[in-house]
Number of protein chains: 2
Amino acid sequence: MEQRAAHRSGAVDKRRQILDAAVTVFARQGFHATRVSDIADEAGVAYGLVYHYFNSKDQVLNELFLERWSLLLAAIEEAERTPGSHREKLGAVAGFIFESYRHDPELMKVIIVEVTRAANSFGRTHLEEIRRAYEGIAKIVADGQAAGEFRSDVAPRFASQAFYGAVEQLLTEWIFDDVQVADSRFEEARNLLVTTICDGLEPR
Amino acid sequence: MEQRAAHRSGAVDKRRQILDAAVTVFARQGFHATRVSDIADEAGVAYGLVYHYFNSKDQVLNELFLERWSLLLAAIEEAERTPGSHREKLGAVAGFIFESYRHDPELMKVIIVEVTRAANSFGRTHLEEIRRAYEGIAKIVADGQAAGEFRSDVAPRFASQAFYGAVEQLLTEWIFDDVQVADSRFEEARNLLVTTICDGLEPR
DNA sequence: GCACCCTGATTGACGAGTCAATCAGGGTCA
DNA sequence: TGACCCTGATTGACTCGTCAATCAGGGTGC
């Protein structure tokens, strides 16, 4: 029983090992510049094993993206449902994204650089999932307008884009800098975002 | 005389022709997916001629980027100098960027997707030039704070990132959509940006 | 006849994906 | 208990297509 479990989980571990190694090398060299052998080397695993668990190099990235993006979508829905002001809801969304970066900067770098901002490759492939996030944010804005918390002369979809774009740009700067970001910065960034954008969305 | 002009300008034209063709194919297929022969075909020119005018495929993209980015930097400086409120200055910057997209969507797509947002390849190469733009915008914000037009509890550099990020995200949506954007949208987008961000930056 | 523009076949490197072979553990039956 | 088989994990050399970059030569105007 334990043997079987060890056997099974041994297999699962290798798969996970490959995914984790892929994050590291994708983050370091970028998707295009990494050879499948780089992933295998980083994972301490034979070249062919990558193809035992995945159909292609693309699929490795897809899996990494979907794994984390589904968490973001869940967090947005959670924020929608949680009672509180709509400003707080947007703050929760921004907070989750910054927190994701704090938790695993390499993974967030890969997702943003290789998927979210890659309009010619994976961004197109995952357009639907990506847009689901924008729509979730837009819904919070629309609800906030209905509740009179936000001005109504700004299209929710536009506001959503501006909000998300600002978040991602701040992350991108950290990504470019490639230095450890001090913890205080995360809180600061979240507050800045909420302050600036939400105050800008307040009724006049 | 006319012959010589034709000769000389013939050469210059070919160079230009190659650059223009590159914009089209880069926009259609992305930098990585376009072969140098694609550029030559689109330009109606022999493969080798591309290497007569450029050292590498990379250099073609670099040239396209620098050509346009220098215009943006000039526009930002121009906005700084032009008298008026700081809100108007930021509006001018956003207006210039949206106008650039209206004027040549393919070129802007290439620049944003392949350079500005490509943290692993050309974005890194041109980091300095890109940041010069952020700094220009930050300077406008800082001046606005000094003049009492903007609140002072938001770091100019942060505000600049949020502002630019919002602009680029709106552009990115248009890029993804890949449809002709109605003229009214440009004006709308510029107004939204200025309204939301600048109102958010107003003193409380 | 020289200086430059232009051509496109050729080369050489590179990397994704394949595949045939080995290995390890666990179940089965006498 | 031990002989046997089966499954699927693991390996890495190899194939095969692709593409950037080179190069040798053919025009053309001055």
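At what angle do helix H9 of chain A and helix H8 of chain B pack, and how far apart are their axes? The model, which is predicted, is described below, starting with that pair.

## Helix packing between the chains

Two packed helices are described by the angle between their axes and the distance between the axes. For helix H9 (residues 156-177) of chain A and helix H8 (residues 127-146) of chain B, the angle is about 140° and the axes are 13 Å apart. The crossing of H9(A) past H8(B) is left-handed.

On the chain A side, the contact is made by A:Gln169, A:Glu173, A:Phe176 and A:Asp177 of H9(A). On the chain B side, H8(B) contributes B:Leu127, B:Arg131 and B:Tyr134. Sorted by class, this contact of H9(A) with H8(B) has three nonpolar, one polar and three charged residues.

## The interface as a whole

The size of an interface is often given as the accessible area lost when the parts come together. Chain A and chain B bury about 3,900 Å² between them. Carbon and sulfur atoms carry 58% of that buried area. Each chain supplies residues to the contact: 47 from chain A and 47 from chain B.

Within chain A, the residues that lose the most area to chain B are A:Asn120, A:Phe158 and A:Phe176. Together they account for 20% of what the chain A side buries. A:Phe176 also belongs to the contact of H9(A) with H8(B).

## Contacts with DNA strand D

DNA strand D is surrounded by 18 residues, and the closest are A:Ala46, A:His52, A:Tyr53, B:Val36 and B:Tyr47. Of the atoms of DNA strand D that come within 4 Å of the protein, 67% belong to sugar and phosphate.

Phosphate oxygens of DNA strand D take part in several listed contacts. One lies 3.1 Å from an N or O atom in the side chain of A:Lys14. In chain B, the side chain of B:Tyr51 has an N or O atom 3.0 Å from a phosphate oxygen, and a polar backbone atom of B:Thr34 is 3.4 Å from a phosphate oxygen. The elements that give two or more residues to this surface are helix H1 (2-29) and helix H3 (47-53) of chain A, together with helix H1 (2-29) and helix H3 (47-53) of chain B. H3(A) gives the most, with five residues.

## The fold of chain A

Chain A has 10 helices and zero strands. Its C-alpha trace spans about 65 × 40 × 35 Å along the principal axes.

Note on methods: Residues are numbered from 1 along each chain as its sequence is written. Chains are lettered from A and ligands numbered from 1 in the order in which they are written. This is a predicted model: local features need pLDDT of at least 70, side-chain atom pairs count only at pLDDT 80 or more; totals for chains, interfaces and linings use all residues. Side-chain values use heavy atoms; hydrogens and water are left out. A residue is near a molecule or strand if one of its heavy atoms lies within 4 Å of it. A polar contact is a pair of N or O atoms within 3.5 Å; within protein, one must be able to donate a hydrogen and the other to accept it, and residues adjacent in sequence count only if both atoms are side-chain atoms. Helices (H or I, at least four residues) and strands (E, at least two) are DSSP runs, numbered from the N terminus. Axes are lines fitted to C-alpha atoms, for helices over the stretch in contact, and angles run from 0 to 180 degrees between N-to-C directions. A crossing is left-handed if the near helix is turned anticlockwise from the far one by less than a right angle, and right-handed if clockwise. Contact means heavy atoms within 4.5 Å. Ala, Val, Leu, Ile, Met, Phe, Trp, Tyr, Cys and Pro count as nonpolar, Asp, Glu, Lys and Arg as charged, and the others, Gly among them, as polar. Buried area is the accessible area (1.4 Å probe) that two parts lose on being put together, summed over both.
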